[in-house]
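Biologist: Please give me a close look at a single part of this model, its surface, and tell me what the side chains get up to there.

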Amino acid sequence: MNGDFAGSKMTTETAQKGSLMWLGLIVLVIFLGLCTIFASVVTVAQGWQQHVQAQWPEVMARVDECGLERTSSNGRRKFYIRCRLSYAVGAEQHATDIYSSNVPAPEIWQYPPNQIAPFEEWVDEHPQGTPIALRYDPADHTKVVAANAPFGGPRTPDNVKLLEVCAACFLVLLTIARITRPRSLRQNGYSSMPLNS
């Protein structure tokens, strides 16, 4: 009698642990589903924005000054390119600053190593007076985008990769959740007839 009781107790504990693990898996599936939706929205929004910006008129700007500047955000030393550019749209003269993304200082461990090198090369290739192609917003001539690599370029390919990873993880975990669903949930989900009839 005691053996049967101990066996049923172990079976119940195992079933409870299995149900808890499955519920944890469901939470992860929901989280990845939300990440996939968010990545989809961001991908579409930024893709549309880049499509619109690609239609903007182009103008040749001139570098007034360009260099690497240090930022010490979050206690880590990082650098970014800051360029002061001047350009004309019709009779209007404009000046603007454009900034690159941040890269870590060379002495900080990073992968891939020496991420600052292309930034240093780009600054060396763009001394004062160098022409740079910009696209400007026809509704607001002070809003510009530069297509050069350190200034970002299209983000859509990276967004699509992130979306693919999120969607793949979501589908894999959803499949695992369906396969490992506890029996009690399977019976409740598939049985249309009451068990005690």
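Modeller: One term first: a helix here is a DSSP run of H or I with at least four residues, and the numbering starts from the N terminus. Keep in mind that this is a predicted model.

Let's start with Ile-37, which sits in helix α1, residues 2-54. Ile-37 counts as exposed because its relative accessibility is 53%, and the cut-off for exposed is over 50%. Together with Ile-30, Leu-34 and Val-41, Ile-37 makes a nonpolar surface patch with about 400 Å² of accessible area in total. Here's a handy bit of background: an α-helix has 3.6 residues a turn, so residues three or four places apart point the same way.

Now for some charge. Glu-120, Glu-121, Asp-124 and Glu-125 form a negative patch on the surface. Glu-125 belongs to the loop between α2 (117-124) and β5 (131-137), and Glu-125 is classed as exposed because it has 53% relative accessibility.

Other charged side chains pair up. Glu-58 and Arg-135 make a salt bridge, with their closest N and O atoms 3.6 Å apart. Glu-58 is in strand β1 and Arg-135 in strand β5, so this pair ties together parts 77 residues apart in sequence. Arg-135 is partly exposed, at 28% relative accessibility.

Asp-97 and Arg-84 form another salt bridge, at 3.4 Å from N to O. Asp-97 comes from strand β3 and Arg-84 from strand β2, so the link spans 13 residues of sequence. Both belong to a salt-bridge network that also takes in Glu-69 and Arg-82.

Notes: Residues are numbered from 1 along each chain as its sequence is written. This is a predicted model: local features need pLDDT of at least 70, side-chain atom pairs count only at pLDDT 80 or more; totals for chains, interfaces and linings use all residues. Side-chain values use heavy atoms; hydrogens and water are left out. Patches are made of residues with over 30% relative accessible area and no salt bridge: like charges are joined within 9 Å, nonpolar side chains (Val, Leu, Ile, Met, Phe, Trp, Tyr) within 5 Å. Accessible areas come from the Shrake-Rupley method with a 1.4 Å probe; for residues, only the protein chains shown count as cover. A salt bridge is a side-chain nitrogen of Lys or Arg within 4 Å of a carboxyl oxygen of Asp or Glu. Lys and Arg count as positive and Asp and Glu as negative; His and the chain ends are not counted. The place of a charge is taken as NZ of Lys, CZ of Arg, CG of Asp or CD of Glu. Helices (H or I, at least four residues) and strands (E, at least two) are DSSP runs, numbered from the N terminus. Buried means under 20% relative accessible area, exposed over 50%, partly exposed in between (1.4 Å probe, protein chains only).
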